[in-house]
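The structure is shown first.

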Amino acid sequence: MILSLLRFFAGTVRVEFDSYKSERLFNLLALKKINFWNIENRGEKIRITLTKKGFKMLPLLAETAGVKTSVVKKTGFPFFMQKIKKRAVLIAGVFFFIFTVYFMSGFIWSISVDGNETISSDEIIYALEQRGFKTGVMSGKFDYRTLCDEIRLDMPQLMWIAINVKGSKAEVSVRERVEMPEMVDISSPSDIVAAKDGIIIKSEIADGTILTPVESVVREGQLCVSGIIESETAGRRTVAARGRLFARTETKIISESPENVAKNEYTGREKTRRTLRLFDTELNLFFKSSIPYENYDKIASIKELCIGGNLYLPVAIKTERFLEYTPGLEPLGYEQQLHICRERRNELFAAKYPGAVIEEVFEDVKSENGKMILESTVVAVEDIAVRVPLDLQRLAPPPETE
């Protein structure tokens with residue numbers, strides 16, 4: 001064990017030579033007191049192992065003995081160090097890369113936002129930048145609980161925000177604030193009138209005197225629930241009328257569809273531009289910035305340099321593809337135009353009367369200069385209750401008759 005360790009640090013060489021002159025070479029090695037071992041007879045060849053020091057004297061002895069030798073293998077610490085010296089630049093580069101990656105992992109190089117619906121990710125990232133949290137800053141310098149509290153103060157539309165740092169990537173999770181329903185002022189007397197014409201099919205009255213029972217036909221602006229309550233025991237009193245009135249209503253909506261829609265035919269020609277982003281600097285990897293096409297679609301993508309899934313580096317490649325197309329028009333058939341008209345009608349109705357449930361639709365299709373015009377009568381059930389201030393004149397006693 002100790003001998004093997006000593007030979008490893010001294011270095012050993014496995015050599016091969018012709019067996020028919022081996023005796024003379026062995027005598028010369030013994031005469032010079034050069035140790036050799038692990039003798040292997042391979043027919044016409046013989047292999048032995050020498051120390052590195054003994055190997056240095058072998059060429060002269062082999063020449064004297066008339067033997068031609070060849071190296072089979074070199075092992076041991078000295079030869080290992082020689083290999084390292086030859087690859088010093090490569091090894092230094094590996095250590096420098098490892099150090100750079102370790103150093104860069106202490107910074108934020110990528111920020112993503114999820115959970116937002118109406119607020120754009122750019123708005124949230126901008127608010128973070130105003131507080132000093134942006135790409136290129138050290139991740140360990142922030143108190144993230146305090147930072148989240150400050151962002152919620154800056155953006156009251158956010159109900160909740162959390163920042164999770166994984167490697168050099170910051171994942172920002174948010175939840176937007178849900179608007180509270182309008183509070184009903186129950187301190188001011190009020191009535192409920194109809195928002196539009198309809199037939200009452202259901203009423204849910206929390207306070208007030210209902211004047212229009214189920215199946216009553218009401219007109220827009222008609223008083224349906226009075227804020228005046230008459231009682232034999234308590235007499236007359238005023239309240240803030242509250243409740244919902246569901247009525248079957250009819251709404252006329254006009255929607256249109258064009259005769260043709262745009263249809264682009266791609267020619268197969270495209271141009272690609274790449275930009276190298278290093279920290280906050282962008283370097284163009286192309287020479288001509290102009291686009292040789294009059295009509296084109298642009299597709300952009302960004303590939304960030306990432307190691308191990310979460311360790312992002314401040315290097316990215318932005319690729320922009322420009323696809324040439326020939327503009328054209330595609331005529332729409334009857335069913336296609338009708339489908340477009342119905343979709344637009346439903347969108348208009350849902351935007352103007354949210355919460356209404358459509359029961360039936362009557363349609364009248366017309367054509368004008370190639371366009372389709374759809375006149376729809378939408379029968380739906382909706383809440384038509386609208387609160388208005390109480391008419392104080394109704395509180396005045398009736399005039400006395402002579």
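In this predicted model, the largest pocket holds about 460 Å³ of space. Its lining is made up of 18 residues, and those closest to the pocket centre are Trp 109, Thr 135, Arg 277, Phe 279 and Asp 280. The largest share comes from S20, with four residues. Sorted by class, the lining of the largest pocket has eight nonpolar, six charged and four polar residues.

Is Val 113 buried or exposed? With a relative accessible area of 16%, Val 113 falls under the 20% limit and is therefore buried. Leaving aside residues up to four places away in sequence, Val 113 touches Ser 121, Ile 124, Ile 125 and Val 172. Val 217 lies 104 residues from Val 113 in sequence, and the C-alpha atoms of the two are 52 Å apart in space.

Ser 139 is found in the loop between H6 and helix H7 (144-154). Its relative accessibility is 15%, so Ser 139 counts as buried. With residues up to four places away in sequence not counted, the contacts of Ser 139 are Gly 106, Phe 107, Ile 108, Tyr 144 and Val 165.

Aromatic pairs come next. The count for the model is 11 aromatic pairs. One of them joins Tyr 266 and Tyr 325, whose ring centres are 6.2 Å apart; their planes stand at 75°, so the pair is edge-to-face. This pair links distant parts of the chain, as Tyr 266 belongs to strand S17 (residues 265-278) and Tyr 325 to strand S20, 59 residues apart. The two partners fall in separate accessibility classes: Tyr 266 counts as partly exposed at 47% relative accessibility, whereas Tyr 325 counts as buried at 16%.

Tyr 296 and Phe 322 form another pair, with ring centres 5.5 Å apart and planes at 75°, which is over the 60 degrees needed, so this pair is edge-to-face. Distant parts of the chain are linked here too: Tyr 296 sits in strand S19 (residues 296-307) and Phe 322 in strand S20, 26 residues apart. Tyr 296 is partly exposed, with a relative accessible area of 33%, and Phe 322 is buried, with 3%. Strand S20 thus holds Tyr 325 and Phe 322, besides giving four residues to the lining of the largest pocket.

A further group of rings is the aromatic cluster formed by Phe 8, Phe 9 and Phe 77.

| Charged residue | Ring | Distance to ring centre |
|---|---|---|
| Arg 175 | Trp 160 | 5.5 Å |
| Lys 196 | Tyr 353 | 3.9 Å |

In the case of Arg 175, the residue lies over the face of Trp 160. Lys 196 is placed over the face of Tyr 353.

Terms used. Residues are numbered from 1 along each chain as its sequence is written. This is a predicted model: local features need pLDDT of at least 70, side-chain atom pairs count only at pLDDT 80 or more; totals for chains, interfaces and linings use all residues. Side-chain values use heavy atoms; hydrogens and water are left out. On a 1 Å grid over the protein atoms alone, a cavity is a set of points where a 1.4 Å probe fits but cannot get out, and a pocket is an open set with protein on both sides within 12 Å along at least five of seven lines; lining residues have an atom within 4 Å of a point. Grid points are joined across faces, edges and corners, and a volume is the space filled by probe spheres set on the points. Helices (H or I, at least four residues) and strands (E, at least two) are DSSP runs, numbered from the N terminus. Ala, Val, Leu, Ile, Met, Phe, Trp, Tyr, Cys and Pro count as nonpolar, Asp, Glu, Lys and Arg as charged, and the others, Gly among them, as polar. Buried means under 20% relative accessible area, exposed over 50%, partly exposed in between (1.4 Å probe, protein chains only). Contact means heavy atoms within 4.5 Å. Rings of Phe, Tyr and Trp (its six-membered ring) pair if their centres lie within 6.5 Å; planes under 30 degrees apart count as stacked, over 60 as edge-to-face and the rest as tilted. A charge sits over a ring if NZ of Lys or CZ of Arg is within 6 Å of the ring centre and within 35 degrees of the ring normal.
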